[in-house]
Amino acid sequence: MNHPIVTTIVALALSATASAQKEGDLVRPESLTRLQWIKGSAPTEWKPGQVYILECWATWCGPCIGMISHLDELHDKYGEKGLTIIGVNVWEDGKAMVSDFVADQGDGMSYAVAFAGKGAKFETEWLKPAGAPGIPFASVVRDGKVILNINPRFLTTEVVEGLLAGGKSAVTAVANAKEAKRKETEFYKILPDFHNAIADENRPALEKAFAGLRKVAPDQETLRILELRFHVAKRDWVAAKPLVDQLSTEPAARQVISDLNSSGRLRVAPDSFKRALVAGLARQYKEESDPGSHQFLSIKQWQVGDKDGAKLRSRLKNNSCCNSRQHAPRHRQVDEG
C-alpha cells in the first residue's frame, strides 16, 4: 500500500522535473508533446546515450536565421550518430507563416521543427526556468538531464562530438562551450574601451584594450578587422598594409575599408598605404552595381593617382546610370522632362 505522504512527494518531484530546465535538472519530454509539430514528432522518451538539442528561434530573429545552416550541418553530420535537433519556434504568432518559412528552407532545414506560439506553456515550462536571455537559445539534454543551456553558435562540431562521446568527453565539451561563451562575453565588455581609445586618440588605453581583446578571444573572427583599426590608429602603416591586402576580399571588412578611406587619420598615411587601401576597396566594389559606390571609388582612385582606374570606374558608373534611365518606365521619362 502506498503511503499518501510518499505518493505526494513523488508527484511533486515528477511535476518539478517536467518544468524545471536549469542545467543539472532531470526533465521529461512532456513539454514537447504539447507543441504543434511542423516537421518530425515529439520524442516520447530521452533515449540513453543520445543527445538532444532544443533550439528556440523565430522567423523575425536574424541571428536565429543565421543559425539554421549551422544546425542543419550538425544534423546532417551527426543525425545518425545519436544527435537529435529540434527547432522550437517561439515568441511569434501564426503557425501557417512559420510552416511556409520552413517549407521554403527545404533540405537546408532538415531537422525537426515545432511551433510553440507566443505565450505558450513552453515559455513558462522551459524557456523561463532555463533563464533564456533571448534567442537563439539552445538546451542540450543527455540521458534525461539538461547538461547545457547556451547560444547554439557555441555548439561546434568538437563540442557536439564530445557530448555524443559521453563521460569525461561530455564534461570537457560542456566546459569548453562555457569557456568560449565566457571569452566572448569578456571580449564585448572590452570592445567599447577599444573604440573609445581610438576616438580619444589615447594610445596607452588603446594598447591595453587591444591586448585584452587578443588575450580573451584570439580566435574571434572580428579580431583581424580590429587589428587593422588598431594599427591605423597608431599610424603603423607597415603593420596595417598586409591586413588590408588580406581583408579586402572579405565582406565583413568592406565597411571598415570604406570607413578608413573616409577617415581623417589617413591624410598623414604614406601614398603606398593609401594606394593599397583604395586597391582593396576596388576589390570590394568589384561586383557592386550601385552608381554611388562607383563614384566614391573613382574619386578615391583619382586622389591616389590611379587615374586610369578612376576613368574606367567613372565610365562604368555612367553606363549604369544610362542603362537604368534607358529601361525606366515611359511615364517617368516624360515626368523628368
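Trainee: At what angle do α9 and α10 pack?

Mentor: Helix α9 (residues 223–234) and helix α10 (residues 237–247) pack at about 145 degrees, with axes 8 Å apart. Axes are lines fitted to C-alpha atoms, for helices over the stretch in contact, and angles run from 0 to 180 degrees between N-to-C directions. Helices (H or I, at least four residues) and strands (E, at least two) are DSSP runs, numbered from the N terminus.

Trainee: Left-handed or right-handed crossing?

Mentor: α9 and α10 cross left-handed. That term applies if the near helix is turned anticlockwise from the far one by less than a right angle; clockwise is right-handed.

Trainee: Which residues make the contact?

Mentor: From α9, Arg224, Ile225, Glu227, Leu228, His231 and Val232. From α10, Trp237, Ala239, Ala240, Leu243, Val244, Gln246 and Leu247. Contact means heavy atoms within 4.5 Å. By class, there are nine nonpolar, two polar and two charged residues. Ala, Val, Leu, Ile, Met, Phe, Trp, Tyr, Cys and Pro count as nonpolar, Asp, Glu, Lys and Arg as charged, and the others, Gly among them, as polar.

Trainee: What are the ground rules for the model?

Mentor: This is a predicted model: local features need pLDDT of at least 70, side-chain atom pairs count only at pLDDT 80 or more, and totals for chains, interfaces and linings use all residues. Residues are numbered from 1 along each chain as its sequence is written, and side-chain values use heavy atoms, with hydrogens and water left out.

Trainee: Next pair. How do α7 and α8 pack?

Mentor: α7 (residues 167–200) meets α8 (residues 203–216) at about 160 degrees, axes 8 Å apart. The two are therefore roughly antiparallel. The cut-offs: under 35 degrees is roughly parallel, over 145 roughly antiparallel, 65 to 115 roughly perpendicular, and the rest oblique. This crossing of α7 and α8 is left-handed. Among the contact residues are Phe187, Ile190 and Phe194 of α7 and Leu206, Phe210 and Leu213 of α8. The class count is twelve nonpolar, one polar and three charged.

Trainee: And α6 against α7, what angle?

Mentor: About 150 degrees, with the axes of α6 and α7 6 Å apart. That makes α6 roughly antiparallel to α7. Their contact includes Val159 and Leu163 of α6, plus Ala170 and Val174 of α7. By class it has seven nonpolar, three polar and no charged residues.

Trainee: Which residues are closest to its centre?

Mentor: Of the 22 lining residues, Phe154, Glu184, Asp219, Gln220 and Glu221. α7 gives the largest share of the lining, seven residues. The lining has eleven nonpolar, four polar and seven charged residues.

Note on methods: On a 1 Å grid over the protein atoms alone, a cavity is a set of points where a 1.4 Å probe fits but cannot get out, and a pocket is an open set with protein on both sides within 12 Å along at least five of seven lines; lining residues have an atom within 4 Å of a point.
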